[in-house]
Amino acid sequence: MPELPQAVRGFGVTFTTMFKKVVTEQYPEQKDKYPPKPRFHGRHQLNRWPDGLEKCVGCELCAWACPADAIYVQGADNTDSERFSPGERYGRVYQINYLRCIFCGLCIEACPTRALTMTNEFELADANRADLIYEKQDLLAPLLPGMAPPPHPMVPGTTEQDYYANKITGAVPEQFTVEKSESEGESS
């Protein structure tokens, strides 16, 4: 039996697939039907310690690891009156340019304090290019119940090693009273 010409075989494949059921996700209408997988690389998030202090120490390793040069970090020193993280430094300026980000996750691997993680949020489109440069306030994890908004001192009687060893379980009343007394002093 002679072999069919290549063109006829190609048309045969096309003809058989014309009658198969189409597998199309009706995306905006049924987006909850297909949630992303747990290890999906979506929008970044800057995490907090259980008492509300930021995990980012401003080391800039994530920016160095980024192959697309999408991350900009500028560190600053913590002071006794303004403490944003348990270490000596914190990330004063933190920006991720989602026009450049390739969602590779190398920044996550480079972070020594697990301050930066990726969420499952994937709807990042916008009509304005400037809105796709996320600032620190856009990336920070929300304050959960029991967290004090920074700046505030570390949990009394602890060191930064206690934070890194996950010995902190939440904010204590002293951290909230320092914050209230500072705001009362400014209003006087």
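This briefing walks through the nonpolar cores, aromatic pairs and salt bridges of the structure above. The model is predicted, so local features need pLDDT of at least 70 and side-chain atom pairs count only at pLDDT 80 or more, while totals for chains, interfaces and linings use all residues. Residues are numbered from 1 along each chain as its sequence is written, and side-chain values use heavy atoms, leaving out hydrogens and water.

**Nonpolar cores**
- A nonpolar core is a set of buried Ala, Val, Leu, Ile, Met, Phe, Trp, Tyr and Cys residues joined through side-chain atoms within 4.5 Å; buried means under 20% relative accessible area, exposed over 50% and partly exposed in between, with a 1.4 Å probe and protein chains only.
- The largest core has 24 residues, and those with the most contacts inside it include Cys62, Tyr94 and Tyr98.
- Helix H2 (61-65) and strand E2 (71-77) are among the elements that each supply at least two residues of this core; helices (H or I, at least four residues) and strands (E, at least two) are DSSP runs, numbered from the N terminus.
- Apart from this core lies another, of 6 residues, among them Trp49 and Ile168.
- Beyond its neighbours within four places in sequence, cysteine 62 is in contact with Ile71, Val73, Tyr94, Cys107, Ala110 and Leu116, where contact means heavy atoms within 4.5 Å.

**Aromatic rings**
- The whole structure holds 7 aromatic pairs: rings of Phe, Tyr and Trp (its six-membered ring) pair if their centres lie within 6.5 Å, with planes under 30 degrees apart counted as stacked, over 60 as edge-to-face and the rest as tilted.
- Tyrosine 98 and tyrosine 134 make an edge-to-face pair, because their planes stand at 85°, with ring centres 4.9 Å apart.
- Both tyrosine 98 and tyrosine 134 are buried.
- Trp49, Tyr163 and Tyr164 form one aromatic cluster.

**Salt bridges**
- There are 5 salt bridges, each a side-chain nitrogen of Lys or Arg within 4 Å of a carboxyl oxygen of Asp or Glu.
- Glutamate 121 and arginine 43 meet at 2.9 Å, N to O; the former lies in the loop between E4 and E5 and the latter in the loop between helix H1 (6-17) and strand E1 (44-46), so the bridge ties together parts 78 residues apart in sequence.
- Arginine 43 counts as buried at 10% relative accessibility, whereas glutamate 121 is partly exposed at 35%.
- Arginine 89 and aspartate 77 form a salt bridge at 3.7 Å, N to O.
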